[in-house]
2 protein chains.
Amino acid sequence: MASLLLKRLSLHSLRSSLSGCRHVSKAAPQAQMEWDYDGPCMKTAVPGPRSMERLKQLGEIQNVDAINFFCNYEESRGNYLVDVDGNRMLDVYTQISSIPIGYNHPALHKLMADPNNLSTFVNRPALGILPPGNFADKLAESLLSVAPSGMTRVQTMACGSCSNENAYKAMFIAYRNRERGPGGPTQEDLRSCLINQVCRLSWCLATTHSKAIHKLDIPSLDWPIAPFPRLQYPLEEFTRDNAAEEARCLEEVEDLIMQWRQKGRPVAGIVVEPIQAEGGDNHASADFFKSLRNIARKHGCAFHVDEVQTGGGCTGKFWAHEHWGSDDPADIVSFSKKLLTGGYYHKTDLQADKGYRIFNTWMGDPSKNLFLVEVLNVIRRENLLEEVTRSGKALLQGLYALQEQYPGLLSRARGQGTFCAIDIRDDPTRSKILLKARDKGVLMGGCGERSIRFRPALIFKEYHVALFLNIFNDVLAEFK
Amino acid sequence: MASLLLKRLSLHSLRSSLSGCRHVSKAAPQAQMEWDYDGPCMKTAVPGPRSMERLKQLGEIQNVDAINFFCNYEESRGNYLVDVDGNRMLDVYTQISSIPIGYNHPALHKLMADPNNLSTFVNRPALGILPPGNFADKLAESLLSVAPSGMTRVQTMACGSCSNENAYKAMFIAYRNRERGPGGPTQEDLRSCLINQVCRLSWCLATTHSKAIHKLDIPSLDWPIAPFPRLQYPLEEFTRDNAAEEARCLEEVEDLIMQWRQKGRPVAGIVVEPIQAEGGDNHASADFFKSLRNIARKHGCAFHVDEVQTGGGCTGKFWAHEHWGSDDPADIVSFSKKLLTGGYYHKTDLQADKGYRIFNTWMGDPSKNLFLVEVLNVIRRENLLEEVTRSGKALLQGLYALQEQYPGLLSRARGQGTFCAIDIRDDPTRSKILLKARDKGVLMGGCGERSIRFRPALIFKEYHVALFLNIFNDVLAEFK
């Protein structure tokens, strides 16, 4: 019933998109996916009057400063997000990179139409104590079928921050257990942790950054933070300088590990993103990551690769760390977003030694695993990783060309797969460009101090790239 | 289609439950809910052979020490959880108190059968930037329709720990903003928080405890912790002693607030559960909570009531804090579990002043709000809060009677609504009782050092209480 309805809506919407709708740039090439729209279609400025009404309404309930506009998810399809004013935008941001195969993919609707699946949605279990009978099978079909090299174990969690937080916990537990040896925790250990007394703690070394406003006023643990390499792009043109910068950062990591050990606060783990995303899409070489991994091994630290944003295929490989070409890339890999469930993979020695050490009520959501099985089927069936590689090349080439065309405005085009970014002259110009592009039917996001990041779905094809570049070019021309 | 299937399954299962199945205790009175089963039905010891097989399989993927058994959620219904070996248990624990109206409630299946709802499941938005058009309406229909007194604002989150964590953040932000005045953060504030430097932090005073194993080895902030009153039960028989104990705890709270202010670490908020759950179901009087709330007001601390476990109707009121009879019970109320989504309500001055200060990718899940609307409809239509009050009285009376019957074995029966607990002689005996009861078809949970906690669904009727007490009595008789 659901899939029938979808087809009807699809025909209806395609028809309405062909008649009476203003195309904002060159006509797009013919759509190859019959269920996708064939181009943006703008009817009002964004946010339009209906979004503004709802913004006022929601403003009575929540802070709405970060809200872009309100969406009509029923009418959204494929690469196109439709808003409540009927504007249809090419979505190159996909809910902060969390929609893997586009909106309302028929495969996901088909899953919802199968009555055998319904009880999984209706009865959410406490997975840590009473999992469904098919839980291990579904993990095998979904998360374990794409497990990083050397990992056969996975723990699901409800969201990205819980995934990372519990991955840190796993590293602390493993580190202290190794340090303590087979005796186990003393009564004093147990007593003092209950009254929050800090006793011989170990620490994580983080290489991730975020917006200052995220952290302001929030008490946080005083963890060592090492700099992430600040490279010059295109990487292949600056190999020598970049290698020196990476060497500098690696040296600082080792210094920090030594300093903190001397302070009596040994570093239990190193956390790194394969592409530092919120911090401004900073890349580093495979050699950098392999060396960092070796430093972790040498000093007995766990190596945690945070693939919350990079995982799920957007770099052209399922995991960004696969680009390093290492058989033993990490001890822990955390994920969320495009995987639809949070969680982390880990090596066997990073598994908590007792029940309830890594624990909360839900520990994930099996209904998200069901969706993930289908998403992975679609990725395989439609060779989406190859598509991403192809589209990503076209996108990066296009960004290079635009950068050459607008040298004062654009710089540092960079990317892996469709996980691309480019820097804008300054932050105010970036804001203006994002708004102009949106009014012309392209939705993008920012990251770092003045970057625009591209985070399309895995079904973003070469003709979507062409469509995007045309509109982006139109926008940039106004800023020349 | 889904609801048709359910009906067929229901008839089939009822029939099979009437024939050939051993009833473990007295026959239960006739079921009033046609879709519920009419009693437990045990076929194997628990965990049975199929659960053991799956335990081995899942043990290759995760730590399985906390797993009870594997469930057949398709066949579970109402108050009865069915396992993969075909055992059907009266569930007095309901996935750590997170199943509000029983398994496979027809109202929730009906919701899934409506094609208009499907896109909410298929397209999970980034709620903080691109909410669906009906988001405010759905919040109004669901969470805001049961908002605590004095609160019109709510923030959803994906799980319980994120809910509390972000509620703490909101308190820190509000406290520091008030302290800073209208000037806003300085550049130095922004810079130093990015490099994790601790600058003039404020702190939360917590009155919640958990298992030592949850906290061991995990670095945590050195927050002040005040004792929760340790009262004698039944409360009404020990009013004088209990009042003295509560006065002692309140005094200590005020002392801690003064001490920490002198240390330069002012307390930004006080966090308390209306019934301290994981810590062993510790109760306190309405006067205690009202005094604590006054202390918070007097010292400029936000007052955060953590209703993650107590919220959603199980105490006989929708929120446990309603029992205090206060018009201004709290500044922040966090929830999760029975509300199906995490989040927190807050007063207007606890709202973050800028976008992205309280932020993550998903910020909740609108598909859970859909379910919550239906759950609240069922609670109202079926007067479930009255039912809970009635069942709760019967349950507590029954526990008092058993306690009298087994004085060396049981003590400290206590409860509000069906949110009841009783203490067992010692931890090993508790474990044995929980296992025996499970083998006889009743699933319960432990909390604290030697308590059993009861956390049935809101559809746990008086005849379920009678059924439960009979089986529990049979079990206890073996330990006399």
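Let's start at B:Asp331, which is buried with a relative accessible area of 10%; buried here means under 20% relative accessible area, exposed over 50% and partly exposed in between, with a 1.4 Å probe and protein chains only. This is a predicted model, in which local features need pLDDT of at least 70, side-chain atom pairs count only at pLDDT 80 or more, and totals for chains, interfaces and linings use all residues. Residues are numbered from 1 along each chain as its sequence is written, chains are lettered from A and ligands numbered from 1 in the order in which they are written, and side-chain values use heavy atoms, leaving out hydrogens and water.

B:Asp331 belongs to the loop between β6 (302–306) and β7 (332–335) of chain B. Helices (H or I, at least four residues) and strands (E, at least two) are DSSP runs numbered from the N terminus. Leaving aside residues up to four places away in sequence, the contacts of B:Asp331 include B:Met151, B:Arg293 and B:Tyr345, a contact being heavy atoms within 4.5 Å.

Over all chains, the whole structure holds 31 aromatic pairs. Rings of Phe, Tyr and Trp (its six-membered ring) pair if their centres lie within 6.5 Å; planes under 30 degrees apart count as stacked, over 60 as edge-to-face and the rest as tilted. B:Phe318 and B:Trp319 make an edge-to-face pair, 5.1 Å centre to centre with 80 degrees between the planes. B:Trp319 and B:Tyr345 are also edge-to-face, because their centres are 5.6 Å apart and their planes are at 85 degrees. B:Trp319 lies in the loop between β6 and β7 of chain B and B:Tyr345 in strand β8 (residues 342–346) of chain B, so this pair ties together parts 26 residues apart in sequence. Both B:Trp319 and B:Tyr345 are buried.

Now over to chain A, with its 15 helices and 13 strands. Of its 480 residues, 63% count as buried. Four of the strands form an open, antiparallel sheet in the order β9-β10-β13-β12; two strands pair if DSSP finds at least two bridges between them. At the edges are β9 (410–416) and β12 (445–447) of chain A, each pairing on one side only. β12(A) and β13 (residues 451–454) of chain A pair over three bridges in the antiparallel sense, and A:Gly445 has A:Arg453 as its bridge partner in β13(A). Helix α13 (residues 384–405) of chain A packs on this sheet, touching β9, β10 (419–424) and β13 of chain A.

Technical notes: Axes are lines fitted to C-alpha atoms, for helices over the stretch in contact, and angles run from 0 to 180 degrees between N-to-C directions.
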